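Good morning, colleagues. May I ask you to turn to the structure that I am about to show.

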Amino acid sequence: TYPEKICVIDEEAKNMIIEKFPELADAIEVTGQPAFDRFAHEDTKKIASEVKKELGINPEEKLVAFMSAMEGLEPVRKIAEELSKVKGKFKFVFRIHPRDNTPFAEYEQEFKSCGIDCIETMQMPTDRIGAASDLVSTTTSTEGLHAICRVKPSINIIDPRVVEVAAPPSIKLGASVGV
(Lines give C-alpha, C1' and ligand atoms only; values in the text may rest on other atoms or scores of the structure.)
Protein backbone atom coordinates (compact mmCIF):
# COMPACT_ATOMS: atom_id res chain seq x y z
CA THR A 1 0.00 0.00 0.00
CA TYR A 2 1.04 3.56 -0.62
CA PRO A 3 1.37 6.28 2.01
CA GLU A 4 -1.57 8.62 2.48
CA LYS A 5 0.63 11.71 1.91
CA ILE A 6 4.12 12.27 0.52
CA CYS A 7 5.84 15.57 1.33
CA VAL A 8 8.36 16.94 -1.18
CA ILE A 9 10.58 20.00 -1.35
CA ASP A 10 9.30 21.47 -4.66
CA GLU A 11 7.35 20.89 -7.87
CA GLU A 12 10.40 19.32 -9.54
CA ALA A 13 10.56 16.65 -6.82
CA LYS A 14 6.83 16.07 -7.21
CA ASN A 15 7.20 15.68 -10.98
CA MET A 16 10.06 13.20 -10.54
CA ILE A 17 7.84 10.94 -8.42
CA ILE A 18 4.81 11.31 -10.69
CA GLU A 19 6.94 10.37 -13.68
CA LYS A 20 7.61 6.95 -12.18
CA PHE A 21 4.44 6.56 -10.09
CA PRO A 22 1.58 8.55 -11.71
CA GLU A 23 -0.95 6.93 -9.38
CA LEU A 24 0.60 8.89 -6.47
CA ALA A 25 -0.09 12.36 -7.92
CA ASP A 26 -2.96 13.16 -5.54
CA ALA A 27 -0.98 12.07 -2.47
CA ILE A 28 2.00 14.40 -3.06
CA GLU A 29 2.18 17.69 -1.16
CA VAL A 30 4.80 20.35 -1.86
CA THR A 31 5.88 21.52 1.61
CA GLY A 32 9.25 23.06 0.89
CA GLN A 33 12.14 22.11 3.14
CA PRO A 34 11.71 23.33 6.74
CA ALA A 35 15.40 22.61 7.43
CA PHE A 36 16.20 25.51 5.07
CA ASP A 37 13.88 28.01 6.79
CA ARG A 38 16.78 29.21 8.94
CA PHE A 39 18.24 31.01 5.92
CA ALA A 40 15.30 33.43 5.85
CA HIS A 41 16.63 35.14 8.99
CA GLU A 42 20.37 34.51 8.65
CA ASP A 43 22.41 37.72 8.52
CA THR A 44 24.57 36.40 5.71
CA LYS A 45 26.27 39.76 5.04
CA LYS A 46 27.35 40.08 8.65
CA ILE A 47 28.67 36.51 8.73
CA ALA A 48 30.53 37.08 5.46
CA SER A 49 32.14 40.22 6.83
CA GLU A 50 33.21 38.48 10.05
CA VAL A 51 34.60 35.41 8.29
CA LYS A 52 36.52 37.39 5.68
CA LYS A 53 38.01 39.52 8.45
CA GLU A 54 39.03 36.39 10.41
CA LEU A 55 40.66 34.95 7.28
CA GLY A 56 42.44 38.19 6.39
CA ILE A 57 40.45 38.64 3.18
CA ASN A 58 39.50 42.15 2.09
CA PRO A 59 35.72 42.62 1.84
CA GLU A 60 35.92 43.31 -1.92
CA GLU A 61 37.95 40.17 -2.65
CA LYS A 62 35.98 37.22 -4.03
CA LEU A 63 35.91 34.05 -1.96
CA VAL A 64 35.30 30.79 -3.84
CA ALA A 65 34.55 27.65 -1.86
CA PHE A 66 34.54 24.06 -3.05
CA MET A 67 32.36 21.94 -0.80
CA SER A 68 33.52 18.35 -1.10
CA ALA A 69 31.12 15.44 -1.31
CA MET A 70 33.75 12.73 -0.85
CA GLU A 71 34.95 12.79 -4.46
CA GLY A 72 38.45 11.59 -3.56
CA LEU A 73 41.87 12.82 -4.64
CA GLU A 74 41.71 12.04 -8.36
CA PRO A 75 38.53 14.05 -9.09
CA VAL A 76 39.83 16.88 -6.89
CA ARG A 77 43.05 16.90 -8.94
CA LYS A 78 40.98 17.33 -12.11
CA ILE A 79 38.93 20.09 -10.48
CA ALA A 80 42.14 21.86 -9.44
CA GLU A 81 43.48 21.64 -12.99
CA GLU A 82 40.32 23.26 -14.36
CA LEU A 83 40.20 25.85 -11.61
CA SER A 84 43.76 26.91 -12.45
CA LYS A 85 42.50 28.08 -15.86
CA VAL A 86 40.24 30.74 -14.33
CA LYS A 87 41.47 34.20 -15.33
CA GLY A 88 40.03 36.29 -12.48
CA LYS A 89 41.56 36.69 -9.03
CA PHE A 90 39.92 35.05 -6.05
CA LYS A 91 40.63 33.50 -2.67
CA PHE A 92 39.96 29.78 -2.46
CA VAL A 93 38.69 27.48 0.28
CA PHE A 94 38.36 23.70 0.03
CA ARG A 95 36.07 22.05 2.55
CA ILE A 96 36.47 18.37 3.33
CA HIS A 97 33.29 16.34 3.73
CA PRO A 98 32.75 15.47 7.43
CA ARG A 99 33.02 11.71 6.73
CA ASP A 100 36.19 12.04 4.63
CA ASN A 101 39.28 10.82 6.49
CA THR A 102 41.75 12.07 3.88
CA PRO A 103 44.06 14.63 5.53
CA PHE A 104 43.49 18.21 4.41
CA ALA A 105 47.20 18.45 3.48
CA GLU A 106 46.70 15.88 0.70
CA TYR A 107 43.93 17.93 -0.89
CA GLU A 108 45.85 21.14 -0.30
CA GLN A 109 48.80 19.65 -2.21
CA GLU A 110 46.57 18.93 -5.22
CA PHE A 111 45.57 22.58 -5.39
CA LYS A 112 49.10 23.89 -4.76
CA SER A 113 50.48 21.70 -7.55
CA CYS A 114 48.08 23.56 -9.88
CA GLY A 115 49.12 26.98 -8.56
CA ILE A 116 46.07 27.53 -6.38
CA ASP A 117 46.57 28.78 -2.82
CA CYS A 118 44.05 27.05 -0.63
CA ILE A 119 43.09 28.78 2.61
CA GLU A 120 42.88 26.31 5.49
CA THR A 121 39.58 26.85 7.30
CA MET A 122 38.97 23.56 9.06
CA GLN A 123 38.70 25.38 12.40
CA MET A 124 35.54 27.14 11.15
CA PRO A 125 32.11 25.63 10.67
CA THR A 126 31.27 24.86 7.04
CA ASP A 127 28.08 26.86 7.43
CA ARG A 128 30.07 30.07 8.09
CA ILE A 129 32.31 29.44 5.09
CA GLY A 130 29.25 28.92 2.91
CA ALA A 131 27.73 32.19 4.14
CA ALA A 132 30.99 34.04 3.47
CA SER A 133 31.54 32.62 -0.01
CA ASP A 134 30.85 34.66 -3.11
CA LEU A 135 30.62 31.44 -5.12
CA VAL A 136 29.99 27.90 -3.89
CA SER A 137 31.03 24.99 -6.06
CA THR A 138 30.37 21.31 -5.44
CA THR A 139 29.46 18.08 -7.11
CA THR A 140 26.54 16.92 -4.95
CA SER A 141 27.03 18.48 -1.51
CA THR A 142 23.99 19.82 0.31
CA GLU A 143 26.03 23.00 0.70
CA GLY A 144 25.13 23.73 -2.91
CA LEU A 145 21.47 23.90 -1.85
CA HIS A 146 22.43 26.09 1.09
CA ALA A 147 24.13 28.49 -1.36
CA ILE A 148 20.92 28.69 -3.37
CA CYS A 149 18.92 29.44 -0.20
CA ARG A 150 21.41 32.22 0.55
CA VAL A 151 21.00 33.57 -3.00
CA LYS A 152 24.68 32.89 -3.69
CA PRO A 153 25.93 31.81 -7.11
CA SER A 154 26.54 28.07 -7.19
CA ILE A 155 28.16 25.66 -9.59
CA ASN A 156 27.60 21.90 -9.64
CA ILE A 157 30.37 19.98 -11.35
CA ILE A 158 28.71 17.29 -13.43
CA ASP A 159 31.52 16.60 -15.92
CA PRO A 160 31.85 12.81 -16.33
CA ARG A 161 35.64 13.23 -16.67
CA VAL A 162 35.61 14.36 -13.05
CA VAL A 163 32.68 12.68 -11.33
CA GLU A 164 29.80 10.41 -12.30
CA VAL A 165 26.67 12.32 -11.24
CA ALA A 166 23.44 13.29 -12.93
CA ALA A 167 22.42 16.93 -13.08
CA PRO A 168 20.56 17.68 -9.84
CA PRO A 169 17.14 19.40 -9.86
CA SER A 170 18.81 22.70 -8.91
CA ILE A 171 20.43 22.80 -12.37
CA LYS A 172 17.27 21.67 -14.15
CA LEU A 173 15.38 24.49 -12.42
CA GLY A 174 18.06 27.10 -13.20
CA ALA A 175 19.01 27.78 -9.59
CA SER A 176 22.55 26.51 -10.10
CA VAL A 177 24.90 26.21 -13.05
CA GLY A 178 26.15 22.83 -14.20
CA VAL A 179 29.66 22.61 -15.63
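This is a predicted model: local features need pLDDT of at least 70, side-chain atom pairs count only at pLDDT 80 or more; totals for chains, interfaces and linings use all residues.

The largest nonpolar core holds 17 residues, and the members that touch the most others are Phe66, Phe92, Phe94, Phe111 and Cys118. Two or more residues come to this core from each of strand E3 (63-67), helix H3 (73-83), strand E4 (91-95) and helix H4 (104-113). Helix H3 gives the most, namely four residues.

For a view from within this region, consider Phe94. Beyond its neighbours within four places in sequence, Phe94 is in contact with Phe66, Ser68, Val76, Phe104, Tyr107, Phe111, Cys118, Ile119 and Met122. There is also a second, separate core of 15 residues, with Leu55, Leu63, Met124 and Ile129 among them.

The volume of the largest pocket is about 510 Å³. Its lining comprises 21 residues, of which Glu82, Leu83, Val86, Ile157 and Val179 are the closest to the centre. The elements that supply two or more residues of this lining are E3, H3 and strand E6 (135-138). Which element provides the largest share of the lining of the largest pocket? That element is H3, with five residues.

Of the 20 residues that line the second largest pocket, Leu145, Ile148, Pro168, Pro169 and Ser170 are the closest to its centre. At least two lining residues each are supplied by H1, helix H6 (143-149) and H7, and the largest share, four residues, is that of H6. By class, this second lining has eleven nonpolar, eight polar and one charged residues.

In H1, which spans residues 11-20, Glu12, Ala13 and Lys14 are buried. The buried residues of H1 pack against strand E1 (6-8), strand E2 (28-30) and H7. At the start of H1, the backbone nitrogen of Glu12 has a side-chain oxygen of Asp10 within 3.2 Å.

Helix H7, residues 169-172, contains Ile171. Is Ile171 buried or exposed? Ile171 counts as buried, because its relative accessibility is 19% and the cut-off for buried is under 20%. Apart from its neighbours within four places in sequence, Ile171 is in contact with Asn156, Ile158, Ser176, Val177 and Gly178. Asn156 lies 15 residues away along the chain, and its C-alpha atom is separated from that of Ile171 by 7.7 Å.

Met70, in the loop between E3 and H3, has a phi near 65°, a positive value in a residue other than glycine. Met70 is partly exposed, with a relative accessible area of 38%. Val151 lies in the loop between H6 and strand E7 (154-156). The phi of Val151 is near 60°, again a positive value in a residue other than glycine. With a relative accessible area of 73%, Val151 is exposed.

That concludes my presentation, and I thank you for your attention.

Terms used:
Residues are numbered from 1 along each chain as its sequence is written. Side-chain values use heavy atoms; hydrogens and water are left out. Buried means under 20% relative accessible area, exposed over 50%, partly exposed in between (1.4 Å probe, protein chains only). Contact means heavy atoms within 4.5 Å. A polar contact is a pair of N or O atoms within 3.5 Å; within protein, one must be able to donate a hydrogen and the other to accept it, and residues adjacent in sequence count only if both atoms are side-chain atoms. A nonpolar core is a set of buried Ala, Val, Leu, Ile, Met, Phe, Trp, Tyr and Cys residues joined through side-chain atoms within 4.5 Å. On a 1 Å grid over the protein atoms alone, a cavity is a set of points where a 1.4 Å probe fits but cannot get out, and a pocket is an open set with protein on both sides within 12 Å along at least five of seven lines; lining residues have an atom within 4 Å of a point. Grid points are joined across faces, edges and corners, and a volume is the space filled by probe spheres set on the points. Ala, Val, Leu, Ile, Met, Phe, Trp, Tyr, Cys and Pro count as nonpolar, Asp, Glu, Lys and Arg as charged, and the others, Gly among them, as polar.
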